[in-house]
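Hello,

Here is the structure for you to take over. Please open it first, then read my notes below.

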Amino acid sequence: MHAAVLEKATGTRILSLYLANKLSISLTELTPIRTDICPASCIAYTGCYENSDTCPYLLGNTLCGKSHYKPQATSSGKRKPYAQVMTLPIIPKIKALYANAETSTLLRQ
Ligand SMILES: [Zn+2]
């Protein structure tokens, strides 16, 4: 509703959040990488843990054992993780820092 009012008042096309994200990704090459993690933040499900169904982390003698995936799969049948962390790849991040005059100057000091 706010976008419609803004669009009418300014005569400028207001993008949806989805389209704004898509545009920013295409302009910056900053595509977030989503990695499944234990809901208690013990481990990231990467490498040898990638296909684990439960968290193998041991704190003293206590096994975390929290489930990697939610009990119900998505409509496409894909299992949905309890938790994820988003990271940005380093090369596009450095490119973005050098593309900005102020941060580029700071990086070269
Ligand atoms: Zn855990």
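Predicted model: local features only at pLDDT ≥ 70, side-chain atom pairs only at ≥ 80, totals over all residues.

S41 sits in the loop that links β1 and β2 (58-59).

Start with the backbone of S41. Its phi is positive, near 65°, and S41 is not a glycine. Most residues other than glycine have a negative phi. Is S41 buried or exposed? S41 is exposed, because 12 other C-beta atoms lie within 10 Å and the cut-off for exposed is 12 or fewer.

E29 is another one to look at. E29 also has a positive phi, about 65°, without being a glycine. You will find E29 in the loop between α2 (17-28) and β1. E29 counts as partly exposed, because it has 14 other C-beta atoms within 10 Å.

Now the strands. β1 covers residues 33-37. Which way do β1 and β4 run? They run antiparallel, and five bridges join them. One of the pairs is I33 with T87, the latter in β4. β4 itself spans residues 83-87 and is hardly covered. How many of its five residues are buried? The count is zero.

Last, the helix α1. It takes in residues 2-10 and is hardly covered. Among its nine residues, the count of buried ones is zero. G11 follows α1, and the phi of G11 is positive, near 70°.

Over to you.

Best wishes

Conventions:
Residues numbered from 1 in each chain as written. Buried ≥ 20, exposed ≤ 12 C-beta atoms within 10 Å, placed from the backbone. Helix = DSSP H or I, 4+ residues; strand = E, 2+ residues; numbered from the N terminus. Pairing = 2+ DSSP bridges.
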